[in-house]
Amino acid sequence: MENQQAKTKTNQTLNIIGIVLIVFFLPLIIFDFVIVIQGMVNPDEIPMVFGKSLLIVDSDSMTIQYNSDGEKISGEFNKGDLILIEKVEISDLKNGEIITYLASDGKYVTHRIIGFPGEGKIKVAGDVLHTPENIEETSVQGRYVRRFAGVGSFAKFMRSGWGLLVMIGIPAFIIVVFELIDRNKEQNKNAKEKIELQKELEELRALKKAEEEQNQENLKGNDSENKDESDDKKDDE
């Protein structure tokens, strides 16, 4: 009985884990779906949700650098990080802030502002790869907010076909498997109860039959006694 209760609790726990995984990954899937749709509609703009977007860092131009004392001296994020950017008005930008812009080669780049030369231009450069360039204000996509260290590689995997399988397939598989196990156990339990009930019915029938046979024997015994008494009376006469 204790083993059965332990197995039931384990199954319930695994079902809950599966549901939690789906609930956790579902917003990511919806977010990616919205991003993909927006990217198709506006290919020249970074897709954003509520004015924010997540980007995967594929360059070393802003890699964090430390001095001998372990203090950060430059850089804001590393290759493989996931960064959050937000929509921003050009008039709100300040020198030293980090922005994401659409480069001339069609790629999105995230570098630091090092000046405002005027005429609708912004001077930017990477903290590590110091190659200043002037970009058009209209190419600015957003302002850097924060980094999620090392999450970029995971996010890239999650956006792949295998990643979608992991996000949805595995949790769903866990739930389905343990639901089938629970159903099988319930069917086995019902079958066992049916067998036990059938056995009890057969025992009751056997008991009833034995009682009927006993009653018949008692009746025969009574008839025999009555017949003997009747014969005795005739002899007395």
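**Close-up views of a predicted model**

**View 1. The aromatic pair of Phe77 and Tyr144.** Phe77 and Tyr144 are both buried. The structure shown here, as in every view below, is a predicted model. The count of aromatic pairs comes to one. In this pair, Phe77 and Tyr144 are tilted, with 5.2 Å from centre to centre and 50° between the planes. Phe77 belongs to the loop between β3 (72-74) and β4 (82-86), while Tyr144 is part of strand β9 (residues 140-148), so the pair ties together parts that are 67 residues apart in sequence.

**View 2. The largest nonpolar core.** This core has 11 residues, among them Val88, Leu93, Ala103, Val109 and Ile135. Strands β5 (98-102), β6 (108-118) and β7 (121-125) each supply at least two of the core residues. A second, separate core has 10 residues, including Ile46, Leu55, Phe77 and Tyr144. In soluble globular proteins, nonpolar side chains tend to be buried together.

**View 3. The surroundings of Val140.** Val140 is one of the residues of the largest nonpolar core. Leaving aside residues up to four places away in sequence, Val140 touches Val88, Ile90, Leu93, Ile99, Thr100, Tyr101, Ile122 and Ile135. Val88, Leu93, Ile99, Tyr101, Ile122 and Ile135 are also listed in the largest core.

**View 4. The hairpin of β5 and β6.** Strands β5 and β6 run antiparallel and are joined by five bridges. Across the pairing, Ile99 stands opposite His111 in β6. Five residues lie between the two strands of this hairpin, and Gly106 in the turn has a positive phi of about 90°. Ile99 also belongs to the largest nonpolar core.

View 5. Four bridges pair β6 with β7 in the antiparallel sense. Ile113 has Val124 in β7 as its bridge partner, and both residues are members of the largest nonpolar core. Two residues separate the strands of this hairpin; Glu119, in the turn, has a positive phi of about 55°.

**View 6. Glu89 and Gln141.** Glu89 sits in the loop between β4 and β5. With a relative accessible area of 54%, Glu89 is exposed. Glu89 and Gln141 are 52 residues apart along the chain, and their C-alpha atoms are separated by 9.6 Å.

Notes. Residues are numbered from 1 along each chain as its sequence is written. This is a predicted model: local features need pLDDT of at least 70, side-chain atom pairs count only at pLDDT 80 or more; totals for chains, interfaces and linings use all residues. Side-chain values use heavy atoms; hydrogens and water are left out. A nonpolar core is a set of buried Ala, Val, Leu, Ile, Met, Phe, Trp, Tyr and Cys residues joined through side-chain atoms within 4.5 Å. Buried means under 20% relative accessible area, exposed over 50%, partly exposed in between (1.4 Å probe, protein chains only). Contact means heavy atoms within 4.5 Å. Two strands pair if DSSP finds at least two bridges between them. Rings of Phe, Tyr and Trp (its six-membered ring) pair if their centres lie within 6.5 Å; planes under 30 degrees apart count as stacked, over 60 as edge-to-face and the rest as tilted.
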